[in-house]
Amino acid sequence: MPLSLAQLRRNYTLYGLRDENAQADPLVLFGQWLGQARKTEVPPAEANSMALATVDSQGHAHCRILLLKGFSAEGFIFFGHYHSAKGQELASNPHAAMTFFWPGLERQVRIEGPVVQARAQLSDDYFDARPVASQLGAWASPQSQPLAHRSGLESRLREVTQRFAGRQPPRPDNWGGYCLQPRRIEFWQGRPDRLHDRLDYRLHDGHWQCTRLAP
C-alpha cells in the first residue's frame, strides 16, 4: 500500500554547518555550495535552477523556476522578457526572493533583495552568446500573453527566422537581464531528526551579519 504524503519523510545525515565554518562573506559560501552542487546534482547542468518569487501590484505572490546565469558582489543575474508576467511584477514591485534546493547535498539557499535591470552591455553579451534558436525564440514569443493555438507561435517563429536569415538577431528591446541585489541570504543544511542548521546573513551598512536560526 503506498505511503500517504504525511508519511513521506527523509532523514538528513550528510553534512553539518558549524558556526566556526561560516564565511564572513555569504557569497563565498554560496560559490562553494554551487560548485559542489554542479558535481553532485543530476543533471549537473541544472544545479543553477532556482525558484523565483515575485509579488504583483495587487499583492499576490507568484513563483516559477528559472536559471541563475551569474553572481558577483553586485548581485544574482537572471534573464527574461521585460513585458512578461514576472517583468510586469518586478516593474510594479522591484523586490524578489529566490530559492535554490540541492537534494543531493541536502541543502537549500534563500536569497532576498531588490531587483534592478542588468546593464545593457551584460544583456547584449549574454544574448549574443545564446544559441541562434534561443535568440529567435526570444523574438518570436510574446511571453505570458495568451495564444489561441501553438500554430500562432510557430508562425511567428517562421516570420522572425526569415527576417533574420543570414545574420545574427540583435537583442530585442523587451528582453534582458535582471540583477537581484541580496540583502538577506540564508543557508539551510539538513540534519538528522529535523534539527537542521540555518545560518542567516543580513546586510547592514554594507556589512554582512550572520545569525544562527532555530530549525
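Predicted model: local features only at pLDDT ≥ 70, side-chain atom pairs only at ≥ 80, totals over all residues.

Visitor: What share of the residues in the chain is buried?
Guide: The cut-off here is a relative accessible area under 20%. The chain has 215 residues, and the buried share of them is 36%.

Visitor: How many helices and strands does the chain have?
Guide: Along its principal axes, the C-alpha trace spans about 60 × 55 × 40 Å. The secondary structure within it amounts to 5 helices and 10 strands.

Visitor: Of the contacts with a separation of 6 or more, what percentage joins residues 24 or more positions apart?
Guide: A contact means heavy atoms within 4.5 Å. Counting those contacts in the chain with a separation of 6 or more, the part from residues 24 or more positions apart is 63%.

Visitor: How far apart are the centres of the positive and negative side chains?
Guide: The accessible surface comes to about 12,500 Å², and carbon and sulfur atoms hold 52% of that. As for charge, there are 25 positive and 21 negative side chains, and the centres of the two sets are separated by 4 Å.

Visitor: What should helix α1 span, going by its residues?
Guide: Helix α1 runs over residues 26-40, which makes 15 residues. The expected span is 1.5 Å times one less than that number.

Visitor: Within what arc do the buried residues of α1 fall?
Guide: The buried set in α1 is Pro26, Leu27, Leu29, Phe30, Trp33, Leu34 and Ala37. Looking down the axis, these buried residues line one face of the helix, because they stay within an arc of 155°. Arg38 and Lys39, on the other side of α1, are exposed.

Visitor: Is glutamate 89 buried or exposed?
Guide: Glutamate 89 sits in helix α2. Beyond its neighbours within four places, glutamate 89 contacts Thr54, Val55, Asp56, His62 and Arg64. Its relative accessibility is 8%, so glutamate 89 counts as buried.

Visitor: Which strands are among those covering the buried residues of α2?
Guide: The buried residues of α2 (residues 85-92) are Lys86, Gly87, Glu89 and Leu90. They are on the same side of α2, because their arc around the axis is only 165°. Their cover includes β1, β2, β4, β5, β6 and β7.

Visitor: What do the buried residues of α4 pack against?
Guide: In α4, the buried residues are Gln135, Leu136, Ala138 and Ala140. Their packing partners are β4, α3, α5 and β7.

Visitor: What is the phi of serine 144?
Guide: Most residues other than glycine have a negative phi. Serine 144 lies in the loop between α4 and α5, and is partly exposed at 49% relative accessible area. Though not a glycine, serine 144 has a positive phi of about 80°.

Visitor: And where is aspartate 205 found?
Guide: Aspartate 205 also has a positive phi, near 50°. At 79% relative accessibility, aspartate 205 counts as exposed. Its place is the loop between β9 (197-204) and β10 (207-212).

Methods:
Residues numbered from 1 in each chain as written. Heavy atoms only, no water. Helix = DSSP H or I, 4+ residues; strand = E, 2+ residues; numbered from the N terminus. Buried < 20%, exposed > 50% of the residue type's maximum accessible area, 1.4 Å probe, protein only. Areas by Shrake-Rupley, 256 points an atom, 1.4 Å probe, with all protein chains shown as cover. Lys, Arg positive; Asp, Glu negative; His and termini not counted. Charge placed at Lys NZ, Arg CZ, Asp CG, Glu CD. Arc of directions from axis to C-beta.
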